Amino acid sequence: MQYVGLQTQINRNNRLSILLLIAFPCIILAMVWVFLAIINYLGGGYYNQNGEYVHELDTMIVNYHFMQALPWIIGGVGIWFIIAYFANTSMIQSATGAQPLARKDNPRVYNIVENLCMSCGMDMPKINIINDPQLNAFASGINTKTYTVTVTTGLLQLLNDDELAGVIGHELTHIRNHDTRLLITSIIFVGIISTVMSLIMQMLYNSMFFGGMYSSRRNDKEGDNHVSMIVVMFVGVICCAIAYIFTLLTRFAISRKREYMADAGGAELCGSPLALASALKKISNDPGLQGIHRDDVAQMFIIHPQSLTSGVMGFINNMFSTHPDTRKRIAILEQF
């Protein structure tokens, strides 16, 4: 199988990474402005000559409060992003329980990675191993110092050398294409919105539940303030939900074609498309990691575990899935 378009894919991913860096703050700021505008609209207005109360949006006041909040929003999101971006390797390692692997620990794996890197002229990435019977492999990192290929003990036990070379070649191609950098950028963006939305929803739940328990003890003024607070938080939830949908759309930037291209690159590096196809068949029977139920981490897996995407959110995640159907990937590899 001839792998073509490597530099084109690298350039594409670099451009999309820059676009995401620009688009995400714009989405955040737009949702903050919308939030302030809705609050202003609901809380402001006048009585017309018929005695009817008419809501009115005062954009000057909205813009004033928006400009006041702007430095705090940019600073907060910026600090959060920088910490997550440069600490992603340790975060992933901690979340998955991965441990560094040296040549003396497992010469078989180390030699396969080294030989594949030599064949394509790339720097040797770090190698991590996870003591887990499930079958999994993924690449991570944002630069040469942090690029890492991680495999599970279950994968090493079940795959032969040719199949393992195909899987590792697949992950090395993700690194060569800068797929890992783009994916981590997207994961951080979605994670920020998800966290904020979860906090607001928790505050709303606590306010409604615990506030309702003691509503009989409040006077009318306190009750009105409580209702106003609930309305504000509810509007915040709606705005965060809209922002979350927009950030999910950024997953379209991580085209499913990247998996097909990584399959092609892995098949080319190991010299056997059928070996990679055989490996994908075995992995598809038991993909994932025990104890890891985070979809953001699962996006990096060579095969996304469908068990993580159930219910309504599962339907949404599948719509925006970064992985194509495994059967289609295997069928393409078996054509060669």
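Biologist: In what order do the four strands of the open sheet lie?

Modeller: This is a predicted model, in which local features need pLDDT of at least 70, side-chain atom pairs count only at pLDDT 80 or more, and totals for chains, interfaces and linings use all residues. Residues are numbered from 1 along each chain as its sequence is written, and side-chain values use heavy atoms, with hydrogens and water left out. Helices (H or I, at least four residues) and strands (E, at least two) are DSSP runs numbered from the N terminus, and two strands pair if DSSP finds at least two bridges between them. The pairing in the open sheet is mixed, and the order is β3-β4-β6-β5.

Biologist: Which strands stand at the edges of the sheet?

Modeller: An edge strand here has a single partner strand, so one side of it is left without a neighbour in the sheet. Inside the order, β4 (residues 126-130) runs parallel to β6 (residues 148-152), joined by five bridges, and Ile-129 stands opposite Val-151 in β6. β6 also pairs with β5 in the antiparallel sense over four bridges, where Ser-140 stands opposite Thr-148. The strands at the edges are β3 (99-100) and β5 (137-140).

Biologist: Are the residues on the two faces of β5 buried or exposed?

Modeller: Buried means under 20% relative accessible area, exposed over 50%, and partly exposed in between (1.4 Å probe, protein chains only). Ala-137 and Ala-139 lie on one side of β5, with Phe-138 and Ser-140 on the other. Both faces are covered, and these four residues are all buried.

Biologist: At what angle do α4 and α6 pack?

Modeller: Axes are lines fitted to C-alpha atoms, for helices over the stretch in contact, and angles run from 0 to 180 degrees between N-to-C directions. The axes of α4 (residues 107-120) and α6 (residues 161-176) are 10 Å apart. α4 and α6 pack at an angle of about 50°.

Biologist: Which word describes the orientation of α9 and α10 to each other?

Modeller: The axes of α9 (residues 257-270) and α10 (residues 273-284) come within 8 Å and cross at roughly 125°. Asp-263, Gly-266 and Ala-267 in α9 meet Pro-273, Leu-276 and Leu-280 in α10 (contact means heavy atoms within 4.5 Å). Angles under 35 degrees count as roughly parallel, over 145 as roughly antiparallel, 65 to 115 as roughly perpendicular and the rest as oblique. α9 and α10 are therefore oblique.
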